Structure formats: structure tokens, C-alpha cells
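Here are a few notes to read alongside the model, written for someone meeting it for the first time. Take them in order, with the 3D view open beside you.

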Amino acid sequence: MRFVKLLRSLRSPNIFSKKITDPPFQCRYFQHDFVPRDPTSKPKKYKYPAVYDPYGPLPPPSDKVVQLADRIASLPPEELQQIGPALTFKLSLPKIQKISSEGMGVGSQGGAAKSGAAEVEEKKAEKTVFDVKLEKFDAAAKIKVIKEVRAFTNLGLKEAKELVEKAPVLLKQGITREEASEIIEKLKSAGGVAVME
């Protein structure tokens with residue numbers, strides 16, 4: 001009945017001047033499998049798997065893959081170490097970067113002491129990668145320092161301001177000696193004090 005009224009109101013030329021007094025339509029879709037639940041019944045308990053697997057159960061590997069895995073497992077340790085680099089080269093995968101543990105406070109464990117010769121060799125090894133750390137800055141030159149920080153970090157104004165206000169803070173990591181000294185000179189001329197680490 002309401003649908004007919006709506007159609008009639010749409011056909012009339014003054015739709016917008018006419019007031020619609022009927023309440024908005026309510027729509028219920030027919031659900032062919034709907035069965036009303038018994039209010040006295042208890043909810044169903046479902047058995048959930050111990051580990052959630054979003055991809056579902058995987059099919060078993062083919063015989064060819066199983067034979068290949070067996071052959072790899074039977075290789076001696078020297079050849080097992082060569083599999084990773086060989087596959088990386090063959091599949092053109094990017095090389096894995098080693099994470100430096102420098103400055104993380106990892107000491108010698110298990111009572112193993114370094115020999116004096118090893119310590120001397122470590123000191124002799126020349127450092128090629130440097131970090132630039134802003135130690136402090138002149139309060140009057142804060143804006144100039146923020147502009148310089150923005151120039152070489154590609155940060156927005158707000159991010160650069162927050163970074164400068166956290167001083168002492170690392171500004172740039174993993175750069176060459178020339179880049180680091182250039183940044184330090186620029187910060188020094190702007191009124192900041194930076195060091196190379």
C-alpha cells in the first residue's frame with residue numbers, strides 16, 4: 001500500500017511541495033533458511049583449532065619436492081652453507097644486509113675472553129660508515145638549525161622541529177665520512193653543535 005502511495009507521489013508534478021506523511025519504509029528480505037531459535041536452547045559450542053591458519057590446510061608437497069628436501073638434508077654442512085648464496089644468486093634475490101650490533105651492549109658471553117691481538121685488530125679496522133649526532137644548539141639559532149635538518153633529512157617542518165628539540169639525537173645514520181663532515185659544518189654555521197660517531 002505504501003509503495004503505491006510513493007509511486008503516486010512521484011508521478012505528481014509537485015513532488016517537492018507535497019508533504020509525505022508516511023513513515024519511512026522498512027524492508028525485510030526473505031530468508032529461505034531462517035529458523036527461529038528456541039529461547040531455552042543453549043548456544044552451540046564450536047571446536048576451534050589450536051593454531052589459527054589464515055590460508056587453511058596446505059596440500060601435501062609433491063614427490064619431487066620431498067625428494068629434493070631429502071637430498072638437501074643429506075648434504076654435508078659445508079655444502080649446506082653454500083645453498084643459501086647459490087639460491088640467492090640464481091633467483092636474483094636481494095642480498096641480506098647484516099645488522100650491526102655496535103652500541104647494543106652485547107658483551108662476551110660464556111666467559112670467553114678476547115685476546116689482546118684481536119682487540120688491536122678491531123681498533124685498526126677503519127670505520128667507513130658514520131652517524132651524525134646533534135649534541136646541542138643555540139636557542140637563538142633554533143630556526144636555522146631546523147632548516148638545515150630539514151635540508152638533509154627530507155622531514156617536514158613539524159618532524160624536524162621535534163627532532164631538533166630532542167637534542168642530543170642522531171640526525172643521520174650510515175653515511176660516509178665526507179657527507180658527515182659536510183653536515184656537521186652546515187650545522188655549525190647554523191648555530192648547532194654536531195659530532196660524528
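How many salt bridges does the count come to? The count comes to four salt bridges, and some of them are described below. Please keep in mind throughout that this is a predicted model.

1. Start with the sheet. The sheet is open and has three strands in the order S2-S1-S3, with antiparallel pairing. Strand S2 (169-175) and strand S3 (192-196) are the edge strands, each pairing on one side only. From one strand to the next, the twist averages 25°.

2. Now look at how S1 meets S2. Strand S1 covers residues 130-137 and pairs with S2 in the antiparallel sense over four bridges.

3. Lys133 forms a salt bridge with Glu197, and their closest N and O atoms are 3.8 Å apart. Lys133 lies in strand S1 while Glu197 lies in the segment after S3, so the pair ties together parts that are 64 residues apart in sequence. Lys133 counts as partly exposed, at 22% relative accessibility. Glu197 is also partly exposed, with a relative accessible area of 34%.

4. Helix H5 returns in another pair. The side chains of Lys142 and Glu165 meet in a salt bridge, at 2.7 Å from N to O. Because Lys142 lies in helix H5 and Glu165 in helix H6 (residues 157-165), this pair ties together parts that are 23 residues apart in sequence. Lys142 is partly exposed at 24% relative accessibility, and Glu165 is partly exposed at 40%.

5. Glu165 has a further partner. The side chains of Glu165 and Lys161 meet in a salt bridge, with 3.1 Å from N to O. Both residues lie in helix H6, four residues apart, which is about one turn of the helix. Lys161 counts as partly exposed, at 38% relative accessibility.

6. Which residues are linked in a network of salt bridges? They are Lys142, Lys161 and Glu165. Glu165 takes part in the salt bridge with Lys142 and in the one with Lys161.

Conventions: Residues are numbered from 1 along each chain as its sequence is written. This is a predicted model: local features need pLDDT of at least 70, side-chain atom pairs count only at pLDDT 80 or more; totals for chains, interfaces and linings use all residues. Side-chain values use heavy atoms; hydrogens and water are left out. Two strands pair if DSSP finds at least two bridges between them. Helices (H or I, at least four residues) and strands (E, at least two) are DSSP runs, numbered from the N terminus. Axes are lines fitted to C-alpha atoms, for helices over the stretch in contact, and angles run from 0 to 180 degrees between N-to-C directions. Buried means under 20% relative accessible area, exposed over 50%, partly exposed in between (1.4 Å probe, protein chains only).
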